[in-house]
Every structure is written in structure tokens, then in C-alpha cells.
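Colleague: I would like to learn how to read strands, sheets and packed helices in a model. Could we go through them one at a time?

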Amino acid sequence: MTDLDDIDRKILRALAEDATQNAGALGRRFGLSQPATWRRIKRLQDSGVIAGRKLDLDREKLGFGVTVFLGVKLATKGRVSLEDFERAVTAIPEVQTVEHILGLYDYRLRVTARDIADFERVLRRRIMTLPGVGDVEANVLLSEERRPGPLG
């Protein structure tokens, strides 16, 4: 675990809200010079606390109005390796995340589609034909509130 002071936490919260902010703007906001702020950000990146920066796309404006979470239970754990399933499922462009989980299902997938009919096509033609797929449970996302992370 990396030791973080209050300024580090403030910088992380600010970057979680808007990762495009530069060191100069953050420094002015928190009473630091641009070089001091840049060194802090660099240290947080080098230590792995900042693992990367992402572009957050509005799926709906891009024509993908449906998000579905799928619980997938593999039918034959011994016959199909987890790696084979993971390799096949990550090749499907509509699958946004693949999470190997513990519980009733083996995997949790986040799938985006244009509409329910498009999701059904992805489910029937792509996901259900993957090696080892057994039981599947779908949950349609109605709304989502994103939190900036463990720093709150």
C-alpha cells in the first residue's frame, strides 16, 4: 500500500472527476507549483496508484442504448479451459468487460447493444455459441450512478 497524504488524495479525487486536468491547473487549485504537482502525479503513476486514464464515451449518443450484465456459468469446467472461454469472449466487440467471479456464476459480462433485438442477436449468435457456455442470466441496466472510486 502506498502512503498518501491529503494533497495526494485531493489530486486523485480531482483526476477521477476529470482526468484531462493538467498539473498546472491542479497545482493552482491545491496551492502547489506545477512541477511539485507533476512530481506527485508521476509518483502516483510510478507506484501504480494511477493505473491509467480512460476516455469515457457516452454509449447512448453512439447508438448503444442497452447495457446488459450477463452471469455466465460454464457447463463443463473440466473440458473447456477458462482461458479458452476468456479468449473467445473478449473477441466479441459488444462485450465491454469480462469478470471472473466467485458465486453462482463463473463470469460476469457487461454487454452493450443498440437495442434489445441487437442484444438478442449478440446473445444467440455470439455468446451462446462460445465454448463451454452453460447457464446464462441477463440483467438489463436501467440507470447507473458512477462513483469516483474508493476515495469517495
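Colleague: Which residue of β3 does G71 stand opposite?

Modeller: Strands of a sheet pair through backbone hydrogen bonds, either parallel or antiparallel. In this predicted model, G71 has R108 of β3 opposite. Strand β1 and strand β3 (residues 107-113) run antiparallel and are joined by seven bridges.

Colleague: In what order do the four strands form the open sheet?

Modeller: The order is β2-β3-β1-β4, with antiparallel pairing. The edges are β2 (95-100) and β4 (133-140); each has a single partner strand, so one side of each has no neighbour in the sheet. On average, neighbouring strands are turned by 20 degrees against each other, direction ignored. Helix α4 (residues 82-90) lies across β1, β2, β3 and β4, and runs at about 165 degrees to β2.

Colleague: Is T67 buried or exposed?

Modeller: T67, a residue of strand β1 (residues 66-74), has a relative accessible area of 8%, so T67 counts as buried, the cut-off being under 20%. Leaving aside residues up to four places away in sequence, T67 touches R59, R110, V111, T112, N139, V140 and L141.

Colleague: At what angle do helix α2 and helix α3 pack?

Modeller: Two packed helices are described by the angle between their axes and the distance between the axes. For α2 (residues 23-30) and α3 (residues 34-46), the angle is about 105 degrees and the axes are 8 Å apart. The two helices are therefore roughly perpendicular to each other. A23, G24, L26 and G27 of α2 make the contact with Q34, T37, W38 and I41 of α3. Of these contact residues, four are nonpolar, four are polar and none is charged.

Methods
Residues numbered from 1 in each chain as written. Predicted model: local features only at pLDDT ≥ 70, side-chain atom pairs only at ≥ 80, totals over all residues. Heavy atoms only, no water. Buried < 20%, exposed > 50% of the residue type's maximum accessible area, 1.4 Å probe, protein only. Contact = heavy atoms within 4.5 Å. Pairing = 2+ DSSP bridges. Axes fitted to C-alpha atoms, helices over the stretch in contact; angles between N-to-C directions. Parallel < 35°, antiparallel > 145°, perpendicular 65-115°, else oblique. Nonpolar A, V, L, I, M, F, W, Y, C, P; charged D, E, K, R; others polar.
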